[in-house]
Every structure is written in C-alpha cells, then in structure tokens.
Amino acid sequence: MHQIVWNNCLKAIRDAIPEQSFKTWFEPVKPIKLEDDVLTIQVPNKFFYEWIEEHYLGILKKCIRHEIGKQGRLEYFIPMENQTRSSAGEPSFPKPLDSSHIVNPFVIPGIRKAKVESNLHPDYRMSNYVEGDCNKLARAAGIAIARKPGGTAFNPLFIYGAVGLGKTHLVQAIGNEILANHPDKNVLYISSEKFTQQVIQSIKNNAIDDFMAFFHNLDVLIIDDIQFLANRTKTQEIFFHIFNNMHQVGKQIIISSDRPPKDLQDVEERLVSRFKWGLSADIQAPDFETRMAILDAKSQLEEIQLPYPVLELICHNIKESVRELEGVLISLAAQASLNQRQIDVLLAKEVIEKFVRNYTREITLDQIQKMVAEHFNLKEEYLQGRTRKRSVVIARQLSMYLAKNLTTYSLAKIGGTFGGRDHSTVIYSVKTIKDLLDTDDGFRSTVSELEKKIKMSMAV
Ligand code: ADP
Ligand code: MG
C-alpha cells in the first residue's frame, strides 16, 4: 500500500519539478510504511531531509493530501541516525530546521502537536512591566488572557498607543506569561513587517497554502504594529483569513497598533471591524509617579545608581515616552563612565538638555501655532488672519519668532503658513520680538516658558 501511495506521489512530483532535481532528490527515497495515515519515507541522510523539506514541502503536502486525505502526514526515516522526523511546516518559517523546532502542517489538531518557536524575548515579562493608570486596562486584560488564552471576551485584544509607551513589551510579556501558565501552547510573536515579508516570500515560492496552514498550529498569535499593514492589500487579505480561521476555533489573537482601529488608514474595513470584536485598550503616556517607578526599576535592572534628585529631574523633564526615559538613563551612565563623572543633577541636566534639543528639529509650525494660541487664549485662525488687534499681532509675531528659533524651516515657508505672508514679515516680526525681550522681563519669562513647553511637547 505504501508503495502505491508513494508511486502516485512521485508521478505528480515528477511532473512538477525539473527532471534533474527529481533524479537527485526523489529517486533515492524509499517508502517504508503507511500506518494511521502516516506515510514514512526513508531518505539517505539528514541533508536530504532538510533539502526536501526546504524545497519540496508544498508539493509533497499536496500529494499526501491527495493520496491519504486531509489528515495525512509524512514522516522521514533517516537510517544513519536511526530516527524518524516529522515533516516541518512552512519551509522558511519560523526557524531553520532543527529537530527541536519541528512544525508539522499535516498535524491533526490535538494529536502529536508540534512545538512552534515563539520568537518571544524572555526579558519582556509581566513582572517587570510597571503598572500605572496609563496601562491598567491593557495590562489587566493581558493577565486575564494569560490565564485562559482564547477563553475570555478579549479576543482579539487590540492594544494601541504612541511609540515608546510599552506596547511591544506588554504583548510579549503576555506571550511569555501564557507559556509560563500553559507550556504546551503554541504562541507566535511576529511583527507586521516580518509577517508581510513572509507573505511576499511565500507568494514568490508558490507556498502560500503552506504559510497559511502553519497558523493552524498556533494557539496564540501576537502581531505587533499592525498599522504597517496599511496599503498592503494582499497581506491584509491573507491576515484576514488567518484571523478568521483562528478566531472561529477560539484561538487567541493579540494585536498592537500605534492608533485605535478606527484610525487605521488604508486597512480594509472588514479587518478593522474584526479588530473591534474583542477589547481595544490604549496605553497612554505614564504620569509622574509611574515614570518614577519605571525609571527606578530600570536603573536597578541596569545596576545604575541614581540619586533621588536625579531620578526626579529626569522624570520631570522626560514625559512622553518610556523609551526616551531609558535613553536618558543609558546616556547618563555612558557619560558618567566616559568622563569619569558622578551621576548628579548637573550631569543629568546636560544629558536631558541634549535629548530635548535632539527633538527640537521635529517641532512643527502647526504645533507652535497651536500652543501659542492656547497660551494667549486665542483662536488659531487669528494667527493666520489679518487682525491688527495688538494682542493678536504680538501672538502672531511671537509664533513667527518661535518658528524661526525652534525649527529649520525657511523664512518664506514660515511666512507662508501665517496666512501667506512673505519672508520680510517674518524678519520684521523676529526683530520686534527681540526688542521686546530686551526690554520686558515679564515678556521674557513668558516666552521662555512657552518655548520650554513647546520643546517638551515634541519630545517623543
Ligand atoms: P512600543 O512598542 O510601544 O513602541 P516598547 O514596548 O518598545 O514600546 O517600550 C519601549 C521601552 O520602554 C522598552 O524597553 C520597555 O521595556 C519599556 N517600557 C515601556 N513601558 C514600560 C512599563 N510600564 N514598565 C517597564 N518598562 C516599560
Ligand atoms: Mg513596539
């Protein structure tokens, strides 16, 4: 029986691949047995096994399905090593072939389930993810999911928030927690970029079915930065099917994004609507206390001694991103050791200053107008309008002055955004404000405060 099955497979394979390849790779293969829908073939050595898996898995899978049925599987027998190996799943995915990472596309759910390499980083844990008001809901949902993946109402769990606020950390921590609670679950973490690459690769290799079949093995799929699927129609379509297949059978899906589902542009509506099925939880910028707790934890982890006033100074100044908080910490430690200096308030000020200055280039004209208008309690339109009212004129001139000082835009460009004024108006405004600054102390402190506020607001 196994001989007949294998001969039929060979016929199909011979038609599908070059004659020379067939001779090289398939003539030396011998069928050994067919038992419980598992066809075992003997290959000369491990190299054959790997080569066949890598290059001919798609066609083999088709043949096996055709001959034995959907539940059919293939096993290899390698005489030298005297062992059998299961067939690996997606050839290029997720890891090079290795007996400890074997994935089997023909696997019957629940039976002989192969273990998938999770791609999770062990350092991202729940225990080192500091809780704050900014992440309470997302964190709690994650913990609930980790207890019962797929068994809560939070499917999918959609976590969104600005860059550097801890999305990747949290989704990976949930993955690690799931594995800690349920070691036999198959969890996969993948970035949307990687996912897209895999789709493209699979299409190129004519192996998209294998790629999709791979996801049948998973219990939990974590996909990071889903906003990168924007405009990638084919990838979205594949993801849509994977999502449906997994969701239908109660597998857990965890998604992160830099914006809420409704703001995802160029992502198909049918996908966006599915993202809303479970729970959407946002992560916000941490408040002062949370920043203190995070920085304290990080400095202990990195074994960097931070005096309390330094801790406070950093957390007062760096507000928008945890990644930047870490950046300041590392940079501070580096400066201290390079220049053989103490980590003190003075050094911390220098480092913070540098960080903040690095970001000033990204200040937008829009932002300046918005914040000046806010400060003077004016409508933003006034800054672009023609009103000659003194208070408006000053605010308008000050905005131009700040635009000139805080951005690298040309005078013409700056003038243009203030209701189509020209560069000479900007020069005049800058001069007027400078004169005022020289003569009016109160005005000077207002301006410096405003300047600081704008810089900080952009320090992301
Ligand atoms: P995102 O994916 O949202 O851009 P990351 O997850 O990469 O952000 O987080 C940036 C850095 O900040 C990481 O090193 C992460 O460990 C750290 N971080 C963010 N939030 C927290 C938190 N609540 N507790 C501890 N570390 C955090
Ligand atoms: Mg991230």
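What follows is a short exchange on the sheet and the aromatic side chains.

Modeller: This is a predicted model, in which local features need pLDDT of at least 70 and side-chain atom pairs count only at pLDDT 80 or more, while totals for chains, interfaces and linings use all residues. Residues are numbered from 1 along each chain as its sequence is written, chains are lettered from A and ligands numbered from 1 in the order in which they are written, and side-chain values use heavy atoms, leaving out hydrogens and water.

Biologist: What is the strand order of the open sheet of 5 strands?

Modeller: Strands are DSSP runs of E, at least two residues, and helices are runs of H or I, at least four, numbered from the N terminus. Two strands pair if DSSP finds at least two bridges between them. The pairing in this open sheet is parallel, and the order is 6-7-8-5-9.

Biologist: Which residue stands opposite L157 in strand 9?

Modeller: Strand 5 covers residues 157-160 and is joined to strand 9 by 4 bridges. The residue opposite L157 is L279.

Biologist: Is F158 buried or exposed?

Modeller: Buried means under 20% relative accessible area, exposed over 50%, and partly exposed in between, with a 1.4 Å probe and protein chains only. F158 has 0% relative accessibility, so F158 counts as buried.

Biologist: How far from the centre of the F240 ring is the charged end of R270?

Modeller: A charge sits over a ring if NZ of Lys or CZ of Arg is within 6 Å of the ring centre and within 35 degrees of the ring normal. For R270 over F240, the distance is 3.8 Å.
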